[in-house]
Amino acid sequence: MAEAAANAPRAAEAAARQSYGKLVAYLAARTRDVAAAEDALSEAFAAALADWHANGVPDCPEAWLLAVARRRMIDAVRRAGTRAGASAHLLMMADELQAAEDAMRDMDIPDRRLALMFACAHPAIEAGIRAPLMLQTVLGFDAARIASAFLVSPAAMSQRLLRAKTKIRQAGIPFHIPAASELAGRLDAVLAAVYAVFSEGWSGHGGLEDRRAGLTEEAIFLGRLVAALFPQEPEALGLLSLMLHAEARRAARRTAEGEYVPLAEQDTALWDGAMVDEAEALLARASRMEGGGRYQMEAAVQSAHAVRRIAGSADWRAIAAIYAHLLRVSGSPVVAVNHAAAVAEMEGPDAGLALLDAVAGDARLENYQPFWAARASLLHRTGARVAADEAYARAIGLEADPAVRRFLQRRRAMLAEG
């Protein structure tokens with residue numbers, strides 16, 4: 001009994017991390033009611049904590065949760081349904097209960113997450129809410145967490161998410177992979193959401209590192225699914241390449257003691273060579289296709305860094321050229337910072353500082369930590385100690401990751417020591 005009590009919370013947390021989006025997608029596939037599916041699944045997780053605590057964790061937690069959530073949805077229909085809607089829902093109830101029994105027996109639940117993502121990217125859904133909607137429905141992020149990432153209030157994000165889910169139900173938006181004629185406008189939204197999921201996982205630090213690693217795995221899984229379904233879409237291949245290049249370096253980005261290691265100082269022997277090779281093959285396939293975009297170019301930057309495995313140094317000329325092209329296309333101040341850092345590697349810190357100075361007036365960079373960290377490093381290299389110290393202080397104050405803060409503090413201390 002004590003063992004069951006101890007295992008129940010861990011098993012419920014693992015099931016939520018691994019299966020939340022899969023279960024929501026399956027529950028909502030017929031009814032189109034994403035909010036009802038989420039509510040029912042939330043009740044199922046609450047029931048699991050009590051039941052598993054008393055009776056032990058079932059052999060297939062995912063199937064157990066699905067069966068309970070289905071019954072919760074059916075109960076909700078009975079409570080809220082009207083006579084006019086009852087006949088349709090009775091058919092749904094019989095179908096759902098039979099499917100639940102099948103799932104419990106076979107322990108095999110079809111994965112419809114990608115179909116759910118395309119439903120969230122339907123043209124009827126407001127463009128600005130598509131990625132947040134996917135983050136909530138597929139990964140179970142709460143509104144407050146999504147609101148923080150998208151710089152809006154939790155209340156406003158909650159309202160926008162609810163309106164989008166209502167739209168899916170009322171408009172009867174289908175859960176299916178779109179035909180080629182529908183794809184162009186919706187694939188971009190799906191890729192953006194997949195990359196947002198990966199970025200959320202990649203930004204983990206400290207004690208969150210291991211837990212957030214699951215998000216990068218989830219994003220790569222979804223990226224593989226998109227690339228497999230659309231093998232002739234170069235941006236799908238480019239995004240998967242980009243994510244694999246980054247994930248390949250996970251073991252090298254922290255020391256055994258948890259200290260931050262910048263990319264240029266990482267031990268390439270710790271990189272996952274098979275993953276890098278797969279990323280390179282995907283990028284090569286994408287480059288042979290017509291049409292290039294952001295993800296291909298960013299993957300190409302990572303490929304130029306990966307050259308260090310063989311050549312001993314990154315291909316900074318290629319990196320600078322790619323960032324220059326991205327800057328012309330996007331005008332992004334973030335890209336401008338990366339471009340300046342690459343130019344500094346080729347032409348020296350003064351050249352990089354000149355480029356940073358050119359964008360220093362952009363208000364979007366005022367609280368952007370990498371701008372101040374890059375500026376501090378380049379000023380440090382030129383010997384401008386007072387200005388470098390001020391930039392280090394700003395970068396340290398803006399950094400949320402304790403390991404990166406300690407890294408910057410060590411660099412600042414080196415500056416003070418001359």
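Helix H16 passes helix H17 in a right-handed crossing. In this predicted model, the axes of H16 (residues 333–347) and H17 come within 6 Å and cross at roughly 160°. Because angles over 145 degrees count as roughly antiparallel, H16 and H17 are roughly antiparallel to each other. On the H16 side, the contact is made by Ala336, Val337, His339, Ala340, Val343, Ala344 and Glu347. H17 contributes Pro349, Ala351, Gly352, Leu355, Leu356 and Val359.

Ala354 also lies in H17, which comprises residues 349–359. With a relative accessibility of 47%, Ala354 counts as partly exposed. Ten residues separate Ala354 from Ala344 in sequence, and their C-alpha atoms are 9.5 Å apart in space.

**A second helix pair**

Two packed helices are described by the angle between their axes and the distance between the axes. For helix H6 (residues 127–139) and helix H9 (residues 180–202), the axes come within 9 Å and cross at roughly 60°. That angle makes H6 oblique to H9. The crossing of H6 and H9 is right-handed. From H6, the residues in contact are Arg130, Ala131, Met134, Leu135 and Leu139. From H9, they are Gly185, Ala189, Val190, Ala193, Ala196 and Val197.

**Helix H11**

Helix H11 covers residues 234–247, a run of 14 residues. At 1.5 Å a residue, H11 should span 20 Å, and its end C-alpha atoms are 20 Å apart, which agrees with that expectation. H11 is mostly covered, with 14 of its 14 residues buried.

**Salt bridges**

Side chains of opposite charge can pair when their charged atoms come close.

| Salt bridge | Closest N and O atoms |
|---|---|
| Glu259 with Arg406 | 2.9 Å |
| Glu265 with Arg411 | 2.5 Å |
| Arg294 with Glu298 | 3.1 Å |

Glu259 forms a salt bridge with Arg406. This pair links distant parts of the chain: Glu259 is in the loop between H11 and helix H12 (273–287), whereas Arg406 is in helix H20 (residues 402–416), 147 residues apart. Glu259 has a relative accessibility of 19% and therefore counts as buried, the cut-off for that class being under 20%. Arg406, at 32% relative accessibility, counts as partly exposed.

Glu265 forms a salt bridge with Arg411. Here too the pair links distant parts of the chain, with Glu265 in the loop between H11 and H12 and Arg411 in helix H20, 146 residues apart. Glu265 counts as partly exposed at 47% relative accessibility, and Arg411 counts as partly exposed at 24%.

Arg294 forms a salt bridge with Glu298. Both residues lie in helix H13 (residues 294–306), four residues apart, about one turn of the helix. An α-helix has 3.6 residues a turn, so residues three or four places apart point the same way. Arg294 is partly exposed, with a relative accessible area of 41%. Elsewhere, salt bridges that share partners join Glu259, Arg406 and Arg410 into one network.

Methods. Residues are numbered from 1 along each chain as its sequence is written. This is a predicted model: local features need pLDDT of at least 70, side-chain atom pairs count only at pLDDT 80 or more; totals for chains, interfaces and linings use all residues. Side-chain values use heavy atoms; hydrogens and water are left out. Helices (H or I, at least four residues) and strands (E, at least two) are DSSP runs, numbered from the N terminus. The expected span of a helix is 1.5 Å times one less than its number of residues. Buried means under 20% relative accessible area, exposed over 50%, partly exposed in between (1.4 Å probe, protein chains only). A salt bridge is a side-chain nitrogen of Lys or Arg within 4 Å of a carboxyl oxygen of Asp or Glu. Axes are lines fitted to C-alpha atoms, for helices over the stretch in contact, and angles run from 0 to 180 degrees between N-to-C directions. Angles under 35 degrees count as roughly parallel, over 145 as roughly antiparallel, 65 to 115 as roughly perpendicular and the rest as oblique. A crossing is left-handed if the near helix is turned anticlockwise from the far one by less than a right angle, and right-handed if clockwise. Contact means heavy atoms within 4.5 Å.
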